[in-house]
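Please examine the sequence and the structure shown here before reading the briefing.

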Amino acid sequence: MAVLELSGLTKRFGAFTALDDISLQIERGEVHCLLGENGAGKSTLCNLVFGVHRPDAGTMTLGGEPFHPRGPAEALQRGVVMVHQHFSLVPNMSVAENLMLGRASAVLKPQDIIVRMEQLAAEYGLEIDPEARIEDLSVGERQRVEIIKCLLGDPQLLVLDEPTAVLQPDEIDALLAICRQVALRGKSVILVTHKLGEISRVADRTTVLRQGRIIETVAMEGADIRSLVRSMVGRDVQSAGSVLAAAVDIEGKTPVKPSGDAGPASPGEAVLEISDLVYRDPHGVPRLDGLSLTVGTGEIVGIAGVEGNGQTELGLILAGLAAPSAGAIVVGGTSVGGCSPQEITDAGVGIVPEDRHAVACIKELSVAENLFLGAIGKFSRFGLLDKSARRKAAEAMMRDFDVRASSPDVSMASLSGGNQQKAVLARELSLDPLVFLLAAQPTRGLDVGAIEAVYNRIRAARDDGLGVLLISSELEELMAVSDRIAVIYRGKLVGELAAGSFSREAIGAMMSGHAHV
Amino acid sequence: MIDEQMAVFIGSGLRLAVPIIFAATGEMLSERAGVLNLSLDGMMLMSAFTAALASWATGSPLIGVAAGVLVATALAAVQAVLSVTLRANQLVVGIGFNILALGSTTFLYREIFGPLSRDPIPGFAQLNLPWLAHIPVIGPALANQTGLAYVSILMVVVTWLILKYTSFGLAVRAVGEDPRAADKAGISVAKTRYLGVLYAGILAGLGGAFMSVADSNTFTENMTKGAGYLAITAVIFGGWNPWYTLAACLLFGFATALQFLVPALQLDVPVALLLLLPYLLALVAIAGFVGKSRQPSALTIPFERGG
Amino acid sequence: MVMKNPKLARVAQGARLELVPLQVVVPVVSTIIALGIGLVIIAATGASVVEAIEAFWDGMAGSDFNIGASINRAISLALVGLGFIFASRANLTNVGGEGQIAMGGMFATAAALHGAGGLPLGLAFIVPLAVGTLAGAVWGGLAGVLKAARGTNEVISTLLLSFIALPLVYWSVESFHLLRKPISDVSSLPESAEIPDSTKLPLLFPDNGSPLHIGLLIAAIAVVVVWLVLRHSSLGLRLRAVGLNAMASRRAGMRTSFYVILAMTVSGGLGGLGGAIMILGQQFYLTSDFSSGYGFDGLVVGLLSRGSAVGVVIGALLFGFLRSGSINMEISAQVPSAVVLICQGLIVIIIAGSAILTNRKVTR
């Protein structure tokens, strides 16, 4: 029997149709996966079911009754719960306080919550200290709190939106096991992902979304993975090569070094030398703890690791946005540790930062203004801007780097994520001098076409003799692009693999701190 | 220093602190929910005027207080519509309300009472609690207060209880810290913030009414003289904690009262410098030189639901 | 962050283009509504609306003198308003115009009374103007420093700095050690002595009795310079970048603290210049409340202009004339001038409340 039934669901944002005529049934006791690329409409669909957005057309029923939630409160009341892509816990409150939030009782009753938590710990093995503050918990623990929060009220339908992106491999296994357990107890689970690896391990059925439409819904027993990929991407699988493998994370199906990609990997002299780098955050917690690393000219060094092990801090320090507590960073013979962003740029460092919107570009400014954000003075005479010269230079740059926008004068916000990232790459790769490039999570949130362009640019930079440091949480991406992979764990490098000896298992073990090489 | 002068100083310090305590306590709760009411001064001024008018017209200071609170709450409701529903800049809206309140109270006062009126306004009597009066030095000052002054302390306790022990208080804290998370936990961000702003309006109304019908028994143009701004700085000074906020209000009250004490003691300190003392203290406090406290993360940031 | 969808964002862009006229419509409509309400209030008091309007008009523009006085008023408001939009280009809200005027006026008076009077070649008034500007710049810059170094919200700090500046002016005219004039048989009011004639701003039309002075030229130059800097200079772009996204600007090599302090310093300096012109151009001696109301008026002018220097000029003239008119209305038609305050408050509230129309963001 269907728990949730969607029929003819359509959602528009302005003139853009995010979801187009979606009809779907979620059965009782099934784990139903939603598969699709970034921007396919998966999150929008979840948000409709959870009442964050309201559909423009179509109907929903829950347990046979009409279901049109006006907000999360109403969805919760009807037994629909959701774990969001970005955690929805209040960071400076305790676990128990977060769990009490939104429960009906005028006066707070922490004891009731603690009793219920003990029940869930017994039932699902979900244990956590009720007094702990959220901001002190690890990412995996926070997610456990999210799931406890969902299961507190004995829901009918559990929706998980990209829940594995931030987890360690063993935590992913545990989460998928909980999904199965929840389904076994007669509840239904919607699991959103763009990773096929996960789907094949847990799903009963999978629905593929592309550009806001349902392409197909298939039972997973005996399903053909390759055909799912084709439905998801909308073109022939082979042409996408390693890019696709990295993007959809098909476990065990990735050629270690894809053909046609025989990079030089003949590193020359060291261009970046990091020694004993230490960084303590404002609370005194060490985020980088004696990290040492060398990148040579003409090589791509990948940094693998579960998020939150110091990658973000490493990126900020290399960009000059945070000052190291101790240790040295030398680029091409110049010491740049603790230097200002301008000094680092002058030393020949290009940065593609992890957070595109916060650090790489100013979305309200035009594309041209963003392309020359670091060189505003270049197009000014007597302090006044020469906008036509800047526009011309921007047009040339946009042509070279295939940045698609109707004009250099449109705002950065009007570009797709892929074109924004291409613009950032254009700016950073046009720096002069340039000897080293940091690319942190460079393909996050991009579609397959843009991912391919980013990879090509990074490889071309390497072939031109640049040293490249690639920080990524996508293992497949690292294995497809890097010449060498180092693994970061708790602020230190705990192992390194040379090209040809990459293996998921070995890297995964090091990432979770279980093995040292 | 003579005891009598000390008693007068403490008495006037307390009386000057009471309106700020009311306003700051309500404002603290509203700010914990993420809404800053720079219009606090306007709410107080409107309430002071309305309370004086109603008390003068009916002869009952109690009706005066009720009318004052009603008007201040109405102002708060409009502020809530603008800053919560219409997502307007809370600071700019607040300044607009203060200009409006100054203009309309001045205008109405001149129209109704005439420019030079000194009509007495019926006010509350002091309670003169004998059991308090026996405490040495501070006793008489504590005992010779109107009932409303004691209510201000009661409101601090009530506000503290609300924040710590009720679901509403938890919702307030969550909404001010991470409205997105609160929304997804099924809390209505808008409703919580509306209630927070209305609460601030009620208390600012009590504070304003106290000025005209319990303290001075008269209304003068712009009689709040920036008390609302002081209340907001007391909240910052007090690190968004009800008890520290209370302490900051008392500090400001006594700092203001110094301008009466210093000439009485024939000290050669310019009164002007005493006038700016509370603001200077507040500036030092918000510059973060006094302790380090974290403001609610979502303070002054409107909430819009999104994926 | 969730990826911005290209089509969606393009729609948002288009919507914004359509809404550009709203930037003009909103201030105009809200001014009309507010003035309309003002008229209703006047009518409600039982006063003759016609008589009130006549008195109002007479005060604004009834004679060369009144026109000159109204424009003189507008000069200072324009400078404060320019200061406001300069800071707001860097996404900073300077609401401390009153304090910056007060400091500018106080220090200009001090300079005029102590030493500047004997200087040759127009330096007699240029030096006090510069000193006043500097004083305002320091007062505004202080808020900038606190913002850059301690993260202090500039709205609160500029407000508090105003509340600190006003007693300082009061002190300076109270104390015989400072600027208070010696007690004579005619007057013992707490105010400064009149500034020397050589320090007063030269009049533009000395022959027809208009008080209009060269402050008008100073303000005109300031309007052009601010317009060029904000719209067409690399400094303007840097201020904007820092205001929109400090982190990205820092990454692009800008010293964000420097630009925050600079923006507040220039903003305060313009306010200080406005205050100095008030003293040197029209009032000629310092009183404790000489700046009363000008700060808020200037702020409203800045808000109304929506960041446009031309808008500032229009707004300043509007309020300069309104103020003059309302004073005469109170004297001749017995309608309290506070009605103008009511209108101003309404304008600010309506404009702030309609920001949702002009700043609509489409996010997914």
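The following briefing covers chain B as a whole, the domains of chain A, a sheet in chain A and a helix in chain C. This is a predicted model, in which local features need pLDDT of at least 70 and side-chain atom pairs count only at pLDDT 80 or more, while totals for chains, interfaces and linings use all residues. Residues are numbered from 1 along each chain as its sequence is written, and chains are lettered from A and ligands numbered from 1 in the order in which they are written.

**Chain B overall**

- Chain B has 13 helices and 0 strands; helices (H or I, at least four residues) and strands (E, at least two) are DSSP runs, numbered from the N terminus.
- The radius of gyration of chain B is 19 Å, close to the 19 Å that the globule rule gives for 307 residues, so chain B is as compact as a globular protein of that length. This radius is taken over C-alpha atoms, and the rule is 2.2 Å times the number of residues to the power 0.38.
- Along the principal axes, the C-alpha atoms of chain B fill a box of roughly 65 × 45 × 40 Å.
- Of the 307 residues in chain B, 60% are buried; a residue is buried if 20 or more other C-beta atoms, placed from the backbone, lie within 10 Å of its own.

**Domains of chain A**

- Chain A is divided into domain 1 (2-248) and domain 2 (270-364 + 411-511), with bounds that come from an automatic or database domain assignment.
- The C-alpha centres of domain 1 and domain 2 of chain A lie 31 Å apart.

**A sheet in chain A**

- An open sheet of 6 strands in chain A has mixed pairing and the order S16-S19-S20-S13-S21-S22; two strands pair if DSSP finds at least two bridges between them.
- Strand S16 (349-352) and strand S22 (492-498) of chain A are the edge strands, each pairing on one side only.
- S16(A) pairs with strand S19 (residues 436-440) of chain A in the parallel sense over 4 bridges, and A:Val352 stands opposite A:Ala439 in S19(A).

**Helix H4 of chain C**

- At 1.5 Å a residue, the 26 residues of helix H4 (residues 64-89) of chain C should span 38 Å, and its end C-alpha atoms are 36 Å apart, which agrees. The expected span is 1.5 Å times one less than the number of residues.
- In H4(C), 23 of the 26 residues are buried, so this helix is largely enclosed by the rest of the structure.
- C:Asn91, whose phi is positive, near 60°, follows H4(C).

Technical notes:
Buried ≥ 20, exposed ≤ 12 C-beta atoms within 10 Å, placed from the backbone.
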